[in-house]
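Student: I would like to learn how to read some features of a model. Could we go through them one at a time?

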Amino acid sequence: MTKTLFAAAAASLLLVGAASAQTAPAPAPEHASDHAHDEHHARPTIESPIEALVNDPATKAVLEKHLPGMDKHPAYGQFKGMTLRQVAPYSQGHITDEKIAAIDADLKALPAA
């Protein structure tokens with residue numbers, strides 16, 4: 001039953017707000033990291049949990065472009081710890097390999113954090 005609920009939630013997530021894609025660059029994050037340069041941190045990647053992508057303003061803008069409203073979905077708490085590749089099988093075909101590749105390309109094109 002959880003899989004069925006998740007599949008329905010993931011499918012409806014991808015249908016909500018498709019026309020409201022955000023393309024403007026987001027401001028730089030305000031927190032320091034544990035990396036060598038205190039003022040910089042590595043941006044989340046396509047292999048990061050969805051929550052990490054949402055928590056970085058620049059990577060969130062990429063998600064909003066391709067999957068608007070993901071962080072506002074009622075089931076967000078259930079899938080935020082998963083990667084897009086992990087969520088894809090439950091999305092009823094809405095998160096495709098092509099969409100993941102497009103998100104990955106946009107993430108890689110972001111300036112270094």
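Student: Is Lys65 buried, partly exposed or exposed, and what is its relative accessible area?

Tutor: This is a predicted model, and the classes of burial rest on cut-offs: under 20% relative accessible area is buried, over 50% is exposed, and in between is partly exposed. Lys65 has a relative accessible area of 37%, so it counts as partly exposed.

Student: With which residue does Lys65 form a salt bridge?

Tutor: Its partner is Asp106, and the closest N and O atoms are 2.9 Å apart. Asp106 is partly exposed, at a relative accessible area of 22%.

Student: How many salt bridges does the structure hold?

Tutor: There are 7 salt bridges. One of them joins the side chains of Lys60 and Asp71, at 2.9 Å from N to O. That pair links distant parts of the chain, with Lys60 in helix 3, Asp71 in the loop between helix 3 and helix 4, and 11 residues separating them. Lys60 has 26% relative accessibility and therefore counts as partly exposed. Lys60 and Asp71 are also linked with Lys72 in a network of salt bridges.

Student: How should I read a pair that lies within one helix?

Tutor: Start from the geometry: an α-helix has 3.6 residues a turn, so residues three or four places apart point the same way. Here, Asp104 and Lys108 both lie in helix 6, 4 residues apart, which is about one turn of the helix. They form a salt bridge in which the closest N and O atoms are 3.2 Å apart.

Student: Are Asp104 and Lys108 buried or exposed?

Tutor: Asp104 is buried, with a relative accessible area of 16%, whereas Lys108 is exposed at 64%.

Student: Returning to helix 3, how many of its residues are buried?

Tutor: The count is 7 of the 10 residues, so helix 3 is largely enclosed by the rest of the structure. The buried residues are Ala58, Thr59, Ala61, Val62, Leu63, Glu64 and His66. Their cover includes helix 2 (50-55), helix 5 (84-87) and helix 6.

Student: Which residues are in contact with Thr59, leaving aside its neighbours within four places in sequence?

Tutor: Thr59, found in helix 3 (residues 57-66), is in contact with Arg43, Pro44, Ala52, Leu53, Leu107 and Leu110. Thr59 has a relative accessible area of 0%, so it is classed as buried.

Student: What does a side-chain oxygen of Asp56 reach at the start of helix 3?

Tutor: That oxygen comes to within 3.0 Å of the backbone nitrogen of Ala58. Ala58 is itself among the buried residues of helix 3.

Student: What describes a pair of aromatic rings?

Tutor: Such a pair is described by the distance of the centres and the angle of the planes. The structure holds 1 aromatic pair. Tyr76 and Phe79 form that pair, with 5.7 Å from centre to centre and 90° between the planes, and the arrangement is edge-to-face.

Student: Where do Tyr76 and Phe79 lie, and are they buried or exposed?

Tutor: Both are in helix 4 (residues 76-79), 3 residues apart, about one turn of the helix. Tyr76 and Phe79 are both buried.

Terms used: Residues are numbered from 1 along each chain as its sequence is written. This is a predicted model: local features need pLDDT of at least 70, side-chain atom pairs count only at pLDDT 80 or more; totals for chains, interfaces and linings use all residues. Side-chain values use heavy atoms; hydrogens and water are left out. Rings of Phe, Tyr and Trp (its six-membered ring) pair if their centres lie within 6.5 Å; planes under 30 degrees apart count as stacked, over 60 as edge-to-face and the rest as tilted. Helices (H or I, at least four residues) and strands (E, at least two) are DSSP runs, numbered from the N terminus. Buried means under 20% relative accessible area, exposed over 50%, partly exposed in between (1.4 Å probe, protein chains only). Contact means heavy atoms within 4.5 Å. A salt bridge is a side-chain nitrogen of Lys or Arg within 4 Å of a carboxyl oxygen of Asp or Glu. A polar contact is a pair of N or O atoms within 3.5 Å; within protein, one must be able to donate a hydrogen and the other to accept it, and residues adjacent in sequence count only if both atoms are side-chain atoms.
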